[in-house]
Amino acid sequence: MESTNGAAARLDCLVTGATGYIGGRLVPELLAAGHRVRCAARTPANLRDHPWAADAEVVRCDVLDPEQVGAAMRGIDVAYYLVHALGTGRDFEETDRRAARIFAEQAAAAGVRRIVYLGGLTPAGVPEAELSPHLRSRAEVGRILLDAPVPAAVLRAAVIIGSGSASFEMLRYLTERLPVMVTPSWVRTRIQPIAVRDVLRYLVGAATLPDDVNRTFDIGGPDVVTYLDMMRRYAATARLPRRLIVPVPVLTPRLSSHWVGLVTPVPRSIAKPLTESLRHEVICAEHDIAGYVPDPPGRPISVDRALALALQRVKEAKVTTRWSSASVPGAPSDPLPTDPDWAGGSLYTDHRSRDVSASPEALWRVIEGVGGDNGWYSFPLAWAVRGWLDRLAGGVGLRRGRRDAQRLRTGDPLDFWRVEAIEPGRLLRLRAEMRLPGLAWLEMYADPADGDSGDGGSSRYRQRALFHPHGLLGHAYWWSVSPFHAIVFGGMARNIAKAAERGHGGPAASDTSTEPVRTKR
């Protein structure tokens, strides 16, 4: 795919999975390379606040809907397939299979010139039946795309090291939190990790592969290490004391996933496939990609350098995407109950409001900074217990934290919430992704105070929690926790106001003004 003068052609690229970890980083790389980009997302609003959003086209697309996929493919030269159904249930392999077939069929119908897919590196000599379901499904998706009429480049990677990746977060938290570890035997398995920067470089380069190239490419860094080596190297990079690591054979992948879920922010639903994939050696059998996408000096990046770069990004709060950027499988996606298309039903609400002796801007800074290390401004033990209960139930818990310490954007994960809407300076609406017998939202507003003299020295904080119960269990849940709302939600309103006033230099606020909990039917 080159122009007649030998220069790289400007291509029209479709990126699926643009809300995810790799897709969200690939889009700006393709734009920087001079290509036009169309992003396909189930919820386009989640891409609205990305720095590159104004430079890319965004369309609504569910990869299981042939009509939507076909529409997204029109006029496209290169289609990137960066989605998977991992964690959506026991039949995720069938879902992956069906989505890949739809993608391949619609690409052929639209006259797409190339498909690029990022899959998993599979161990040599291991029968497919013995692979983890995660790797087995990735391999099958690759075959489906390679068997399609459109030429495909299937890039296969093992562990990807980059700030915010699930693999890096798992490694980081295990090493930082446990100076002494009793670990599964898979920590001695050899792997060939790759820096996310190299993954992105190969993905961009794959767009201009010759039309007759239809094959897999193994992509990896220059180092073959064990997971034990990586933990020790991370400890050295982070200047931590040497870790004592004792591998034991009795920890199965299932037990390992519970162990990882207990210590790290990575939930068991993601930790399990990651740990299962480490049972076998995953080492590149070739490096043929370099014949088409040449490696510049110093590339691929070494493990030590990749760890240092990722850690530096974390420390500087410059993590552009995280493993949790994509929506949690199975998380609620119904409209907010106050939206025009709300279908009705019971709705419980809890309203709190408070006059604040600080400007709306000062109040907004506190609202936008909630969660993560800043906490939730009330009864920390209650929030921590709720997070632990969610983890025990297989949910995400509180430890996803924040992508950025100060700024939020639509679609960001925020502990066990996700930013559903944000109106800078006025409204933050969060949708719950914790395990609940219903749907829940939390809204926080920074309004000018009634009768404000115009100097901006006062404001009004409004807070609204909403819960739409599912069945009798949902109603029972609300009434069982409602006695604690005065402490949790009332304290939250009071302390958010106080935090804004401390930043503004004003006096402490008066007692919380509340409205009674109401039921709407």
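Modeller: Let's start with a term: a nonpolar patch is built from residues with over 30% relative accessible area and no salt bridge, whose nonpolar side chains are joined within 5 Å. Keep in mind that what we have here is a predicted model.

Biologist: Okay, which residues form a nonpolar patch on the surface here?

Modeller: Phe-379, Leu-381, Val-385, Leu-389, Leu-392, Phe-484 and Ile-487 do, and together they have about 710 Å² of accessible area. Helix H12 supplies the largest share, four residues. Phe-379 sits in the loop between helix H11 (360-368) and H12. With a relative accessible area of 37%, Phe-379 is partly exposed.

Biologist: How do I read H12 itself? What should its 13 residues span?

Modeller: Count 1.5 Å a residue, and residues 380-392 should span 18 Å; the end C-alpha atoms are 18 Å apart, so the two agree.

Biologist: And how do I tell which way a helix faces?

Modeller: An α-helix has 3.6 residues a turn, so residues three or four places apart point the same way. In H12, the buried residues are Trp-383, Arg-386, Gly-387, Asp-390 and Arg-391. Looking down the axis of H12, you find these buried residues within an arc of 140°, so they line one face of the helix. The face turned away from that buried side carries the exposed residues Leu-381 and Leu-392. Just after H12 comes Gly-394, with a positive phi of about 90°.

Biologist: Now the inside. Which residues touch the most other members of the largest nonpolar core?

Modeller: A core is a set of buried nonpolar residues joined through side-chain atoms within 4.5 Å. The largest one has 40 residues, and Ile-22, Tyr-80 and Leu-118 touch the most other members. Elements giving two or more residues to this core include strand S1 (12-16), helix H1 (21-32), strand S5 (114-120) and helix H6 (196-206). H6 gives the most, seven residues.

Biologist: What about charged pairs? How many salt bridges does the structure hold?

Modeller: It holds 28. To call one, look for a side-chain nitrogen of Lys or Arg within 4 Å of a carboxyl oxygen of Asp or Glu. Take Glu-93 and Arg-136, whose side chains meet at 3.2 Å, N to O. Glu-93 lies in helix H3 (residues 92-110) and Arg-136 in helix H4 (residues 133-146), so this pair ties together parts that are 43 residues apart in sequence. Glu-93 counts as buried, at 16% relative accessibility.

Biologist: Where do Glu-286 and Arg-215 sit?

Modeller: Their side chains also meet in a salt bridge, at 3.5 Å, N to O. Glu-286 is in the loop between helix H9 (268-276) and helix H10 (303-315), while Arg-215 is in strand S11 (residues 215-218), 71 residues apart. Glu-286 is buried, with a relative accessible area of 19%, whereas Arg-215 counts as partly exposed at 25%.

Biologist: Arg-403 and Asp-412: buried or exposed?

Modeller: Both are buried, and they form a salt bridge with the closest N and O atoms 3.1 Å apart. Elsewhere, salt bridges that share partners join Asp-198, Arg-201, Asp-295 and Arg-299 into one network.

Conventions:
Residues are numbered from 1 along each chain as its sequence is written. This is a predicted model: local features need pLDDT of at least 70, side-chain atom pairs count only at pLDDT 80 or more; totals for chains, interfaces and linings use all residues. Side-chain values use heavy atoms; hydrogens and water are left out. The expected span of a helix is 1.5 Å times one less than its number of residues. Buried means under 20% relative accessible area, exposed over 50%, partly exposed in between (1.4 Å probe, protein chains only). The arc is that of the directions from the helix axis to the C-beta atoms. Patches are made of residues with over 30% relative accessible area and no salt bridge: like charges are joined within 9 Å, nonpolar side chains (Val, Leu, Ile, Met, Phe, Trp, Tyr) within 5 Å. Accessible areas come from the Shrake-Rupley method with a 1.4 Å probe; for residues, only the protein chains shown count as cover.
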